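I opened the notebook to look up a few things in this structure. Entries follow in the order I took them.

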Amino acid sequence: MNYTAEDEILIQAKWDALAESCKRICKKEDDWNFIKRAFFLAKEAHQGVRRRSGEPYFLHPIAVAQIVVDEIGLGVKSVVAALLHDVVEDTDYTVEDMEHIFGHKIATMVDGLTKMSGVFNADTSRQAEYFRKVLLTLSDDVRVILIKIADRLHNMRTLGAMPQNKQIKITGETIYLFAPLAYRLGLHAIKTELEDLCMKYRFPKEYEEITRQINETSAAREEYIRKFNAPIIEALDRNGIKYEISGRIKSAYSIWTKMVRKQIPFSEIYDLFAIRIVFQPLEFPSEKTQCWQVYSSITDIYTPKPDRLRDWISIPKANGYEALHSTVMGPDGIWVEVQIRTQRMEDIAERGFAAHWKYKKATISHDEDEFDKWLKMIRTALESPTQNAVEFLDNFKLSLYTSEIVVFTPKGEERHLPYGATALDMAYDIHTKIGNTAIGAKINHKIMPLTTALTSGDQVEIITADSAKPKAEWLDYVLTSKAKQSIKNFLKRDQEHNQQRGMDILNERLAKLNIKPNNRVIRKLMEAYESRNKEELYTKIGAGIVSLDNLEKVIKTNSNFKILKFWTLFIKDNDNDGDDDDLDGNDDRKHKGDEHHQELVVAECCHPLPGDKVVGFKDPITHQIIVHKATCDDLNRLASQHGDCIVKEEIKWEQHKTQSSLATIEIVGIDRMGLLVDLANVVTNDFSINMRQVNIQSHDGIYEGTLSLYVRDAESLNALLDRLRRIKGMDSVKRVANPNQQNG
C-alpha cells in the first residue's frame, strides 16, 4: 500500500525542514546527494507502513535525523545512518546491501542501530542483550549511541500511542539507562526532556499539577529575576563584556523528585530557577580567568554562600561540562544559584559530545581529557565479556553516576570516582592487580580501612600484600563497575569448583529424602537461601555458606513470599508481547472489560499500600506477579531489563476486603518535653491507629526515629503524615519505602 496524497505532503514538509537544517553540514554537493540517496531508499523501503498513531512510519526516521543535526550537532554520515536506522530491521534490505550502496562506515553504523532478533538464552533478558549490543558500538563509533538516543527521544515524544504496559517498559528503560547515558555524553537538554517525558506518561496527574504550578508562579518569578539581574547587567555592561543572561527554570521532573525525596509540597521548593550568564571571552586572559572576573563582579553585589561554590572549570566533569556555579543571597533573603560559562562551555553543556570534539579538533589538542578517559574505561569494560547480560547492564549503569568526586594519588594524579566510592574503588581504578591485593589505605596520610568512603580532595595511597585476595563481602563496599567486575571475575575463578561440589552435596541430601531435584524444588531452595539462580545456590552450598541442616523443613514449608489476596486484575489490554520500542503497528483489537482475581506478591523493596499507584511485574523465574509502587526505583531497573514481564492488566485494591498493613515512617525534629505524648495522641486518639514499634533517640536537642504502624491504606497514612507535620517542633516526616534497609 502506497502513502496517500496527504501523507506525501506531510513527508515533503518534514523533508524540506531537514534539508534546510542540513545546509550547514553539507560542505559540498556530494554530501547533499549522499543524504538524498538515503532519503529515497528509506522512503521506498518503508512505503505504506504506519505507526500506531496512524501517521506514515517514514516520518520517524526523518524526525530522528532532524534531532541528530539540530539538537546533537552531528554531521552528514550521522544523518544518513539516522534515515536508514530501521531499514535493515523492518524491511528486506540487509547490512550487506547497505555496505554495497552506502559504504562500510554507514553499514557498520546501521548494523549497530539494528535491534537484536532471534532466539535468546532463556535465562537472559532480551532487552539487556539488546542494550549490550548497542553499547558495544562504543568500541567502534560513539555516533551510534548518539543516534540511538535521538531515536529514543522521538519515541518518547510520541509515546502516547502505546498501551500502558509498553509505556512502563519504555519509560523504565529511559529513566534507568538512556537519560543517564544522555547526561554522561553531555546532552543536558535531551536528558532533561527524557526525564520530563517519563514523568508525563508514568505520572500524568503529578506532571500536570507541577506544570500548572510552575506556570501560575511564572509572573512573580520573572519579576524577581528582573530585579535580581538589574545590578549584574549594569556591572557587566560597565566592564564591556558581551554576554547573555537568563533565568532557567528547573524541570518538572527535577522539582517532583525533590518533592518526593524530601516529602515536601511545591511551595517549599525554593530553588526553582538558576541565573545563567554566558559570555564571549576575549583572546586574553584565559577563559578561566575571565570566568572568575565575572564571578567577582557578581559577589561584589551579592554575598556568596561559601559552601555552595562549584568550580568545574579547574576540574571539569567527566562528561566535559565546564562552568562556575555559585549560590548568592539575593533580594528579599532568597538564595539564588548563578552559573557562569563561556559560549564554548555553553555549546558543550547543551550539545555534549559533538561540541566537545568540534572544539577539540579546532584547537588541535591530542591530550586525553576526562571524556576520553571515560570512553576508554567503558571500552575496557565492554571487552570483558560476561555470561549474564542483566549483570552487564547493571555494571554499565554504575558508570553513569551523575555525582562524582575527585581524589588524588600520592603523586598528585587526579582520579574521578562516583560519589560514595571507597578506597577499594580507587584501588581497582588504578589497576586490577592493586585492587586484588589491597589490604588497606592511607587517606590524607592516615591508615584507614579499604571500605572507607572517599570525599573530594582526599589523597589516597593503597597498601597491598601479595598474600591478600578479594572477598565476597567486598562487593558490598564498591560502586564502580570496574571494581565490581574485577572482584566477581576473581571470585568466579576461585569458586568454580564449589558449584559442582555444591550440586553433588545437594543431590546426595535430596536422595536421602527421596526427593528429585526438579525445578520446583530448586526454586523453593533459591528463595529460602536467597539465591538469584541455581548456580549461586550450588556455590553457596559448596563453599559452606549455606548449611542444609534444615533442608527437609524448607522443602515442606510453603513459600516464604507474603501473599496478598485482595487485589483485582482489570484486564485492559490484549496487545501481544512483541518487543517493539518503535511506535508502529496496526493492532485494532478491542480491549476486554473482564476482571479476575489472582494471588499477588507484595514487593519487599517498596511495600505498596492500598491506595498507592502500583504496577505488576511477573517474575521470569517464579512466574508470580509482584506488586510494586509505581514510583519504585527497582521497578525502573526491572522494566529496563525484563520489560515484557510488566503485566498489561491494571491492578487495583478491593476496598471491601481491606486489611491493615504495616508501614514505617521516619521523623526528625527539635526535642522537647511532652513530645512522645503528642505523638501518641495523634496516632492513637486522632487516627485510631495501632503502633507496632516506636524507636526514638535524642541527641544535642534533636530527636530522630521511626514509628511502625498498622494502617488501612495510603490515604489514611498520608492524612496521618500531614497531621504529624503540624506537631510543634516537627521538622521532617517521611514514609520509609523499605524499613529493612533504612540504615543500610
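**Entry: Gln-697.** I started with a single side chain. Gln-697 is exposed, because its relative accessible area is 53% and the cut-off for exposed is over 50%. I placed Gln-697 in strand E20, which covers residues 690–699. I then listed what Gln-697 touches, not counting residues up to four places away in sequence: Ile-702, Tyr-703 and Glu-704. I also checked a C-alpha distance. Gln-697 and Asp-671 are 26 residues apart along the chain, and their C-alpha atoms are separated by 9.5 Å. I note here that the model is predicted.

**Entry: the whole chain.** I stepped back for totals. The chain has 744 residues, and buried residues make up 49% of them. I found 28 helices and 22 strands. For the accessible surface I got about 37000 Å², with 50% of that belonging to carbon and sulfur atoms. I also looked at contacts with a separation of 6 or more: residues 24 or more positions apart account for 68% of these.

**Entry: the nonpolar core.** Which residues have the most contacts inside the largest nonpolar core? I found Ile-35 and Leu-84, in a core of 115 residues. Helix H9, residues 142–157, gives the most to this core, with nine residues. I followed Leu-84 further. Leaving aside neighbours within four places in sequence, Leu-84 is in contact with Ala-38, Leu-41, Ala-42, Met-98, Phe-102, Ile-106 and Val-110.

**Entry: Ile-106.** I picked Ile-106 from the contacts of Leu-84. Is Ile-106 buried or exposed? Ile-106 is buried, because its relative accessible area is 1% and the cut-off for buried is under 20%. I located Ile-106 in helix H7, residues 104–113. Beyond neighbours within four places in sequence, Ile-106 is in contact with Phe-34, Lys-77, Val-80 and Leu-84.

**Entry: a nonpolar patch on the surface.** I searched the outside next. Leu-676, Met-691 and Val-694 make a nonpolar surface patch of about 250 Å². I checked one of its members. Leu-676 counts as exposed because its relative accessible area is 52%. Leu-676 sits in helix H27, residues 675–686.

**Entry: cysteines.** How many disulfides does a search of the whole structure find? I got zero. Cys-291 is buried, at 0% relative accessibility. Cys-645 also counts as buried, at 18%, since the cut-off is under 20%.

**Entry: salt bridges.** Side chains of opposite charge can pair when their charged atoms come close. I counted 29 salt bridges. I went through some of them one by one.

I took Arg-344 and Glu-287 to begin with. They form a salt bridge, and their closest N and O atoms are 2.8 Å apart. The pair links distant parts of the chain, 57 residues apart: Arg-344 is in helix H16 (residues 343–351) and Glu-287 in helix H15 (residues 287–299). Glu-287 is partly exposed, with a relative accessible area of 23%.

I then turned to Glu-413 and Arg-415. Their side chains meet in a salt bridge at 3.1 Å, N to O. Glu-413 counts as partly exposed at 42% relative accessibility. Arg-415 counts as buried at 16%.

Glu-55 is partly exposed at 26% relative accessibility. Arg-51 is buried, with a relative accessible area of 1%.

I closed with a network. Which residues are linked in a network of salt bridges? I found Arg-248, Arg-276, Arg-341 and Glu-346.

Notes
Residues are numbered from 1 along each chain as its sequence is written. This is a predicted model: local features need pLDDT of at least 70, side-chain atom pairs count only at pLDDT 80 or more; totals for chains, interfaces and linings use all residues. Side-chain values use heavy atoms; hydrogens and water are left out. Helices (H or I, at least four residues) and strands (E, at least two) are DSSP runs, numbered from the N terminus. Buried means under 20% relative accessible area, exposed over 50%, partly exposed in between (1.4 Å probe, protein chains only). Contact means heavy atoms within 4.5 Å. Accessible areas come from the Shrake-Rupley method with a 1.4 Å probe; for residues, only the protein chains shown count as cover. Patches are made of residues with over 30% relative accessible area and no salt bridge: like charges are joined within 9 Å, nonpolar side chains (Val, Leu, Ile, Met, Phe, Trp, Tyr) within 5 Å. A salt bridge is a side-chain nitrogen of Lys or Arg within 4 Å of a carboxyl oxygen of Asp or Glu. A disulfide is a pair of cysteine sulfur atoms within 2.5 Å. A nonpolar core is a set of buried Ala, Val, Leu, Ile, Met, Phe, Trp, Tyr and Cys residues joined through side-chain atoms within 4.5 Å.
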